[in-house]
Amino acid sequence: MSLILYNYAMSGSSQKVRLALAEKGLTWEDRFVDLLKGEQHSEVYRQINPKGFVPTLIISDIRLTEVSATLEFIDETFAGTALVPDDALERHRMRCWVKKIDEVVHPANGFLSYVIGGRKSLLRLSMEEREAYINAMPNARDRWLRRVVIEKGMDAKEFGETVRAHETLLDDMEVTLSKNPFLASANVSLADLTVLPYVQRLEHLGIGRMIAPQIRPALAKWLGAMRGRHSFKRAIEDYLPETLGSSTPGTEDTWRCVDEALITQIR
């Protein structure tokens, strides 16, 4: 059975699917789609995924494009580590975490990532290239938000909202993980695999202080356990650009800029 994954190295959604595949001990063939170059909106990729999102997982003649549903499909289809709890209440908890990520954290993380990490690349484009990149997005809200990123950066009110969305997520995780080793049950589940890329991203963006052990010790312990799993290396570490390690150079400068932007918004 062949597995082909159209994905982008630093995409949180791509990381979730890669984590699930790695937990199952599966191998797959990567087909990379460069999001910063807008390849997800190309005619070629739209033939594969009409919505222009990554990842797309192709298993033989089956094409899967909805990430959260794909994760459960992987768990149900392949042997290996069970990623969905048997207990009904634990499954409910797992799906509540997944829902929170899908509806709140994923869009907030995308905005945060583009403001801190992707904005410089977008500003280097010519006006014509930038307009072509934005206009290729099918969703009007996505086009508007990308313009906000380019024009206002950390000065946008949406930036403060996205940071606070992450703070809420981390606070909720700290409460849960102070009582349990993992988010939904005593074992790793899709809840943990779904949340992990967004927590890890905070370090990559240079704002890892939000998950420091002295601030959120239970979360930090969980993160250490997740990073120690073989799936973390296979699905996340092995895909990091050479210029990006477990933390980003200049993290203090990035944190200072974020802090100043938030203080300005509060005033």
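Me: Which helix has the lowest mean pLDDT among the elements of the chain, and which has the highest?
Reply: The model is predicted, and for the chain as a whole the mean pLDDT is 90, with 91% of the residues at 70 or more. Under 50 is where pLDDT stays over residues 245-250, for which the model has 11 contacts beyond four places in sequence. Among the elements, the lowest mean, 54, belongs to helix H11 (residues 251-266), and the highest, 98, to helix H1 (residues 12-23).

Me: Is the pair of tyrosine 6 and tyrosine 45 stacked, tilted or edge-to-face?
Reply: The structure holds two aromatic pairs, and in the one formed by tyrosine 6 and tyrosine 45 the ring centres are 6.0 Å apart. Planes under 30 degrees apart would count as stacked and those over 60 as edge-to-face. Because the planes of these two rings stand at 50°, the pair is tilted.

Me: How many residues apart in sequence are the parts that this pair of tyrosine 6 and tyrosine 45 ties together?
Reply: Both tyrosine 6 and tyrosine 45 are buried. Tyrosine 6 belongs to strand E1 (residues 3-7), whereas tyrosine 45 belongs to helix H2 (residues 43-48), so the parts tied together by the pair are separated in sequence by 39 residues.

Me: Which residue forms an aromatic pair with phenylalanine 32, and how many residues apart in sequence are the parts it ties together?
Reply: The partner of phenylalanine 32 is tyrosine 239, in an edge-to-face pair with 6.1 Å from centre to centre and 75° between the planes. Arginine 18 lies over the face of tyrosine 239, at 3.7 Å from the ring centre. Since phenylalanine 32 is in strand E2 (residues 29-32) and tyrosine 239 is in the loop between helix H10 (230-235) and H11, the parts that the pair ties together are 207 residues apart.

Me: Are H1 and H3 roughly parallel or roughly antiparallel?
Reply: Residues Ser13, Lys16, Val17, Ala20 and Leu21 in H1 meet Val67, Thr70, Leu71 and Ile74 in H3. The axes of H1 and helix H3 (residues 67-77) come within 10 Å and cross at roughly 5°. This angle makes the two helices, H1 and H3, roughly parallel.

Me: Is glutamine 40 buried or exposed?
Reply: Glutamine 40 has its place in the loop between E2 and H2, and its contacts, not counting residues up to four places away in sequence, are Val33, Asp34, Leu35, Tyr45, Arg46 and Gly52. Buried means a relative accessible area under 20%. Because the relative accessible area of glutamine 40 is 7%, this residue is buried.

Terms used
Residues numbered from 1 in each chain as written. Predicted model: local features only at pLDDT ≥ 70, side-chain atom pairs only at ≥ 80, totals over all residues. Heavy atoms only, no water. pLDDT = per-residue confidence, 0-100. Helix = DSSP H or I, 4+ residues; strand = E, 2+ residues; numbered from the N terminus. Contact = heavy atoms within 4.5 Å. Phe/Tyr/Trp six-rings, centres within 6.5 Å; stacked < 30°, edge-to-face > 60°. Buried < 20%, exposed > 50% of the residue type's maximum accessible area, 1.4 Å probe, protein only. Lys NZ or Arg CZ within 6 Å of the ring centre and 35° of its normal. Axes fitted to C-alpha atoms, helices over the stretch in contact; angles between N-to-C directions. Parallel < 35°, antiparallel > 145°, perpendicular 65-115°, else oblique.
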